[in-house]
2 protein chains.
Amino acid sequence: MIRILLAEDQAMMRGALAVLFGLEDDLEVVAQVGTGTEIVPTALEVRPDVALLDIELPGISGLEAARELRASIPECRVMILTTFSRPGYVRQAMAAGAVGFLVKDGPVEELADAIRRVLRGETVLDPGLAAATLRAAPNPLTARERDVLAASEDGSSIADIAGQLFLSPSTVRNYLSAAIGKTGTRNKTEAALTARRNGWLA
Amino acid sequence: MIRILLAEDQAMMRGALAVLFGLEDDLEVVAQVGTGTEIVPTALEVRPDVALLDIELPGISGLEAARELRASIPECRVMILTTFSRPGYVRQAMAAGAVGFLVKDGPVEELADAIRRVLRGETVLDPGLAAATLRAAPNPLTARERDVLAASEDGSSIADIAGQLFLSPSTVRNYLSAAIGKTGTRNKTEAALTARRNGWLA
DNA sequence: ACCCACCACTGACAATTGTCACCGTCGGGT
DNA sequence: ACCCGACGGTGACAATTGTCAGTGGTGGGT
């Protein structure tokens, strides 16, 4: 019996997956959580064989949780199940020690089998996605550049960002200018958008 | 047997829902589509009792498709199933003649029952959501203001928007200024963001 | 006939944003 | 000891953006 922990914020998706796994006689969902914060404590309690994690969750992200899981329960296999096949996400997932990366665009039928393959020691990663990730440029942004871009995502002015990060407005403008240059865009809105799309901000 | 048409762009979600409905002995998924464009043609072919539509789909939106469905197949009940409980979405759905509005945050268990209730002639709409929608201000934006906001969502400059809409840059700035005023925001990025969040742009 | 809202545009002005050149500090490599 | 990159900052300048006051035109009510 393969014991599964399910982390996914959309209740309907989470419930549907749980029902599907319940139909397979070698799979068993032993825990369901809707936030990133619950992942590690719950895993410590139920000791699952596999953790199937969404990335964009309330609280900490699935990627962050994956890193912590590897450290605290090394024998638990981590798989990522996400909407977005962003190169940066794939990179981070692999770096975090995940052994599977699935997109919600794919067919449900393959899901159960992917879990079984991971348990047999295989790594599940779509070849096209792997190639695209390798083709794509790795994250060129520094930590501070990521900070200012993340802070500018809600349309904040430079003064706002400076206030949030306790920096001078001029400094913020310099980081933004650098980020705009590195992303090949024309203003902070475009820069934040492409950084987000590439998975450089999570 | 209740004949269902399922429109949802995430293949995994779509497949999972289809499996779930297949477990109920009075429900039958007679068609699945992943784009808005396919909805009406497919419905004309299979003549479903209920169409369960996501809103944000490639091609035309589920709301647009709902309007067309009401016109071409009046006996088909339309239900909306969406991630976002935006007031503008609820308003448009009801105006389009939908008899159900469900959010993906809710439990799966209620889904099948919601469909049965709609078939009995009931309208399925969360009371809290209905109240929130009535409390929220209706869309204050004119058609042109919506146009310029939609065009500015990707970080385009005013000159870009003017080019896209065949307007003078000054005109675009005026519409943006009006939209910024009406949304109570401070720049076009914030304005586009709040308009989108309220469901004023779909 | 009149008002009103929306559309499209212009021009002037102030504020914000983006670029650039430059200053210094700190910590890692080699 | 030296170089390099990231960090934090300043000041100057140009470009973009946001505001405001106008000018018309259209079409729908009353």
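Guide: A residue is near a molecule or strand if one of its heavy atoms lies within 4 Å of it. This is a predicted model, in which local features need pLDDT of at least 70, side-chain atom pairs count only at pLDDT 80 or more, and totals for chains, interfaces and linings use all residues; side-chain values use heavy atoms, without hydrogens and water. Residues are numbered from 1 along each chain as its sequence is written, while chains are lettered from A and ligands numbered from 1 in the order in which they are written.

Visitor: Which residues come nearest to DNA strand D?
Guide: There are 18 residues around DNA strand D. The nearest are Thr142(A), Arg144(A), Ser168(A), Tyr175(A) and Ser177(B).

Visitor: Which element gives the most to the surface near DNA strand D?
Guide: Helices (H or I, at least four residues) and strands (E, at least two) are DSSP runs, numbered from the N terminus. α7 (143-152) and α9 (169-183) of chain A, with α9 (169-183) of chain B, each give two or more residues to this surface. The element that gives the most, with 5 residues, is α9(A).

Visitor: Is Cys76(A) buried or exposed?
Guide: Buried means under 20% relative accessible area, exposed over 50%, partly exposed in between (1.4 Å probe, protein chains only). Because its relative accessibility is 0%, Cys76(A) counts as buried.
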